[in-house]
Amino acid sequence: MSSAVSTVPESTPKHRTTTPEARAKSQAFKRRLPLLPALFFVLAVTQLPFLLTVFYSFQSYNLVRPGSQHFVGLQNYVDVFSDSTFLVALLNTVVLTVVCVFVSLLIGLGLAVLLDRKFLGRGIVRTLLITPFLILPAAGALLWKTTVFDPTYGLLHFVLGTDTDWLSQFPLAAVMAQVIWQWTPFMMLLILAGLQSQPKDVLEAASVDGAGRWRTFTLITLPHLSRFLQLATLLGAIYIVNSFDAVFLMTQGGPGTASTNLPYYIYQRAFEGFDIGQSSAMGVIVVILTMIVATFALRLMFRAFSVTGGVK
């Protein structure tokens with residue numbers, strides 16, 4: 001009787017073949033893995049408070065009326081845009097941001113061009129010009145309030161010989177002067193970095209061809225600085241639109257609402273009026289407006305660069 005012998009094939013170990021792309025992704029993930037705690041921390045301290053602010057913006061919530069919190073939908077946003085004080089604060093914020101960014105950028109450009117030249121004591125002059133940016137905004141605001149704009153002992157009173165109360169008669173201009181003084185060194189540093197990255201052989205070729213200083217600056221240097229000017233404008237607008245220290249310490253938003261900007265008005269509604277709902281709605285509006293400005297500015301910057309980082 002013949003018996004059929006069944007042969008069972010031996011199991012061969014399966015070797016997993018990994019592609020170079022998979023190995024590269026695995027190595028990239030391992031390099032980024034230690035950064036995950038920092039990422040979670042940033043999300044916890046930035047995004048969670050913002051989500052809570054968005055939640056409160058849809059609530060009627062006033063701290064002086066406990067137990068009155070309830071959902072009101074978009075009513076807070078409707079009330080905010082119908083608030084005349086909010087519209088004045090919005091206009092003051094736009095004027096403050098545009099004027100401060102433009103003037104500080106213009107002065108920073110002039111200082112950067114001067115500091116790009118070699119002269120005796122250039123290092124000391126650079127250090128002195130950078131100093132205002134290193135001072136705390138609150139200290140800078142108090143410095144200008146007491147030593148520059150004081151109608152009796154201020155520097156303007158000593159130089160001009162007038163008893164003008166600058167903070168009362170020209171409050172917004174006084175705040176803008178302090179903010180410009182604070183942010184001009186920042187603009188100067190960015191533009192100076194752009195000037196020092198300019199190829200020297202191009203400038204030498206222009207000089208050999210007989211181009212003057214003004215023609216070289218307008219046709220060669222200024223186009224090279226366009227990306228740096230755009231970056232300075234973007235960063236300056238994002239930071240200056242949130243200016244609070246100068247308004248709070250120099251004018252308290254007054255007289256009336258003459259120098260009130262959005263950050264200070266949000267502070268008033270939240271910590272003086274205890275209206276958490278409307279102040280949260282104002283905060284969300286400020287974030288949205290800032291994102292719109294930043295997105296528009298970034299698109300302008302991306303158009304000036306190719307994918308590889310070169311200028312188009």
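A crossing of two helices is called left-handed if the near helix is turned anticlockwise from the far one by less than a right angle, and right-handed if clockwise. By this convention, the crossing of α6 and α9 is right-handed. The structure is a predicted model, in which local features need pLDDT of at least 70 and side-chain atom pairs count only at pLDDT 80 or more, while totals for chains, interfaces and linings use all residues. Residues are numbered from 1 along each chain as its sequence is written, and side-chain values use heavy atoms, with hydrogens and water left out.

Two packed helices are described by the angle between their axes and the distance between the axes. For helix α6 (residues 137–147) and helix α9 (residues 171–196), the axes come within 10 Å and cross at roughly 130°. Here axes are lines fitted to C-alpha atoms, for helices over the stretch in contact, and angles run from 0 to 180 degrees between N-to-C directions. Helices (H or I, at least four residues) and strands (E, at least two) are DSSP runs, numbered from the N terminus. The pair α6 and α9 is therefore oblique, given that angles under 35 degrees count as roughly parallel, over 145 as roughly antiparallel, 65 to 115 as roughly perpendicular and the rest as oblique. On the α6 side the contact (heavy atoms within 4.5 Å) is made by P137, G140, A141, L143 and W144, and on the α9 side by A177, Q178, W181 and Q182.

In soluble globular proteins, nonpolar side chains tend to be buried together. A nonpolar core is taken as a set of buried Ala, Val, Leu, Ile, Met, Phe, Trp, Tyr and Cys residues joined through side-chain atoms within 4.5 Å. Buried means under 20% relative accessible area, exposed over 50%, and partly exposed in between (1.4 Å probe, protein chains only). The largest such core has 39 residues, and C100, F149, V179, I191, L225 and M250 have the most contacts inside it. Two or more residues each come from α4 (84–115), α6, α8 (166–169), α9, α11 (213–240) and α12 (245–251). Helix α9 gives the largest share of this core, 14 residues. Beyond four places in sequence, L225 touches L109, I191, G194 and L195. A second, separate core of 12 residues includes V80, A89, Y265 and V284.

Most residues other than glycine have a negative phi, and most peptide bonds are trans. The loop between α12 and α13 (262–272) holds P255, and the peptide bond from G254 to P255 is cis, with omega near -5°. Q252 lies in the loop between α12 and α13 as well; its phi is positive, near 55°, and Q252 is partly exposed at a relative accessible area of 40%. F274, in the loop between α13 and α14 (276–303), has a positive phi near 60° and is partly exposed at 34% relative accessible area.

Q278 belongs to helix α14 and counts as buried, at 12% relative accessibility. Leaving aside neighbours within four places in sequence, Q278 is in contact with N76, D79, V80 and R269. Although Q278 and N62 are 216 residues apart along the chain, their C-alpha atoms are separated by 9.1 Å. N62 is also touched by S68, as is S60, not counting residues up to four places away in sequence. S68 sits in the loop between β1 (59–60) and β2 (70–71) and is partly exposed, with a relative accessible area of 23%.
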